[in-house]
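Let's take a walk through this structure together. Have a look at it first, and then we will follow its inside and the place where chains meet.

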Amino acid sequence: MRRCALSLTDRMLLPLLPLISLCAMVVAAGTQAGAQARTPGARVPAAHAPMLTVAAGRYQPLYMTDTPVGGEPVTTFQLSRTAVTNAQFLRFVTENPQWRRSAVNDIVADVSYLRHWAGDLELGANARADAPVVNISWFAASAFAEWAGARLPTMAEWELAASRFQRALGPRAPQLNAIVLALNSAAPPVLPAVGNGMVSDDGIVDLHGVIWEWVDDFNAVVASGESRGGGGGGEAGLFCAGGAAFSADPSNYAAFMRYALRGSLHGPYALSTLGFRVARDL
Amino acid sequence: MTTILSASRHTRALVISSLATAIVLSAACGDSSSADGDALADRPSGALPVETLTVAYAPAVPPAITRTTPAKVVINLETLEVKRRLADGVEYTFWTFGGSVPGPMMRIREGDEVEFHLNNHPSSVMPHNIDLHAVTGPGGGAESSLTAPGHSSQFSFSALNPGLYIYHCATAPVGMHIANGMYGLILVEPKEGFTPVDREFYVLQSEFYTSGRYGEAGLQAFDMDKALHEDPDYVVFNGSVGAAVGENSLKANVGETVRMFVGNGGPNLISSFHVIGEIFNKVYGEGGTTVNQQNVQTTLVPAGGTAIVEMKLDVPGNLIFVDHSIFRAFNKGALGMISVAGDEVPGVYSGRQKDVVYLPEGGAIQAMPLDTTAVIERELPRAELLARGEAVYKANCAACHQLGGEGIPGAFPPVASSDYLMADRDRAIRTVMHGLSGEITVNGATYNGVMPSLQLSNTDIAAVLSYVRSNFGNNASDIIGVGDVRRVRTTPTPR
């Protein structure tokens, strides 16, 4: 079911990159073997936040193409409670020198990679240890996930997990869109610690308002959409009113923002507001 | 025939090649293509001269183009998200082109080839793109320019049609990107140019939809519901209330001719553009290239459209320009000014000639309207204060902090059993009065949000704080009096 996560350009680079998994399926397959070999849980401190179970459900994509009525089914999976932090990523680059800032191949991470850190193995004043790591490419996030015996969540998984705030919001749950919009309006120069944001019904924290997050198939929408003229294909351009033409919910501005951001990305991009969390099959 | 074909292929290759390559190739094959015809009328064969565009920020207009032949014009435009003044005491997080609302005005010539670079600043939270209405092609460039923060996109186009065009960001959700300030003007000057005038000005109308009402102080957030209902709190010229009045008014002299390039960024409202006390001698309707009307009082400027108006300034004084949907001018900020200096011209306009008594009812005493002096603030008895506080809380605070004061974890801090609230009386007063943004810790949890300032009277602030501080598990024995609030209001805010 999972779509290939790489654009054509990215895919052409892959033969050069033995370290980078081809596609999400390969990541998942490699993960299981790797995790067993490394005996999960033996490491201290933990590579990532505790994994919480996200109940199965149906995800209604913002753009309906050949989605089944009622949405795309998503099976139960696990998602880390919070985003991966600077401290956790520091441990990863310490153990994996090829992912240090000075050593990383610019095909898998652009010049902004970890640029808020003071050095290769030094966080410095702009990167609190307990803040979410940002300036991370998709390749780096995927490599981290594989190393940690996990994978990146799919867009369907992420969006499903990020849509459940009945417990936190109660009668205000229908206003989630407006609340998320308000949270998205500004980014502090130095990011705060993870774990202070809204808690979803599954116990997942900070899904909205702190950072954007990579998903495994971040460009699936754009890569699969052929054109606006092709009878309802794909992302419908994501510009002007074209963005609304095939949308399931034209007033879901918060979702439009996430889709537009994903649409602007390529695998090596590292942004100061973009981090990630990890997922795992149950 | 063969020669012509191959040569036009040459030309085409040159047109799309990069700057450096173009120069090299032009040196290499300039002779061979010199005698050829070309589909693009009067575009010279070989490489075009290259120039980097200099833009101008409102109300300035880039100088008229003196070139008589096309050029390859390189445009660099940055997208930047900045917190700025929207009105006195009111701030807004604008999304901008060039760090300014409206974005800079660009002036190119019909037939020019444009190499456009859109640079999204690394500090941006959002991806952005650009739709230039002057572009013939999908999305007006938007399809080719969706740009992540910290990245740069490039596309090229030929300026086929002269006219005055809006450009704007078209990233989904497009209305929000426009509503946050992403628009400006690009003028494609006709080959024959414009008739010379003494002064040119760049004026752009747009509207803002804020969480608080007009004038409500503090940092204001975008309000999606108001935008959907096309019910703005602000309608402004050149990006903020007062951007073109007083010291910032457009300056001209008696006897001069003036051309105004007027844009309307919208996102929703059509403008009825009018200059009080002047008449447009010429109007290029909807920003086209024909003077389609003369002697016009008010001209429509469509949302996502433009108009060019010209007038001769016959007398001195302040000419106020407005959106003549007049409540927008009077109550929402849609007002600017042309300050005309010079000597009076009595033959055209006399000024006040007489002011005499007018008594249609004869010499009896006239009924005068009642003097409505301000309501006097007084301290309320405790019970009355708390009852009023409960009403104020339910009307203004409960939506975020919830009826029981418990807040919403991760989004809105609790006021129930709140250590933050109870620690500092004056800080609590300031928070309700001016709003609050940035990181705070309440009962051990960190919040990093924005509370808008609430336009409450001193009495209401005293009442609501007294109510909250003695309810919801906060056990204050004291109340906050109107005098306390008045004292804080007149004390400079500590930084």
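In this predicted model, the largest nonpolar core has 169 residues, and the two that touch the most other members are Ala140(A) and Leu185(B). Another core lies apart from it and has 22 residues, including Ala463(B), Val464(B), Tyr467(B) and Ile480(B).

Now let's stay with Ala140(A). Leaving aside residues up to four places away in sequence, Ala140(A) touches Trp99(A), Val108(A), Ala109(A) and Tyr113(A). Ala140(A) is also one of the buried residues of α4(A), among them Trp138(A), Phe139(A), Phe144(A) and Glu146(A). Why is this helix, residues 138-147, largely enclosed by the rest of the structure? Because nine of its ten residues are buried. After α4(A) comes Gly149(A), which has a positive phi, near 75°.

Next, turn to where the two chains meet. Chain A brings 39 residues to the contact, and chain B brings 35 residues. On the side of chain B that touches chain A, at least two residues each come from α3 (174-179), α4 (224-228) and β23 (445-451) of chain B. Which of the elements gives the most to this side of chain B? That is β23(B), with three residues. Sorted by class, the side of chain B that touches chain A holds 21 nonpolar, eleven polar and three charged residues.

Definitions and conventions: Residues are numbered from 1 along each chain as its sequence is written. Chains are lettered from A and ligands numbered from 1 in the order in which they are written. This is a predicted model: local features need pLDDT of at least 70, side-chain atom pairs count only at pLDDT 80 or more; totals for chains, interfaces and linings use all residues. Two residues are in contact if their C-beta atoms, placed from the backbone, lie within 7 Å. Helices (H or I, at least four residues) and strands (E, at least two) are DSSP runs, numbered from the N terminus. Ala, Val, Leu, Ile, Met, Phe, Trp, Tyr, Cys and Pro count as nonpolar, Asp, Glu, Lys and Arg as charged, and the others, Gly among them, as polar. A nonpolar core is a set of buried Ala, Val, Leu, Ile, Met, Phe, Trp, Tyr and Cys residues joined through C-beta atoms within 7 Å. A residue is buried if 20 or more other C-beta atoms lie within 10 Å of its own, exposed if 12 or fewer, and partly exposed in between; C-beta atoms are placed from the backbone.
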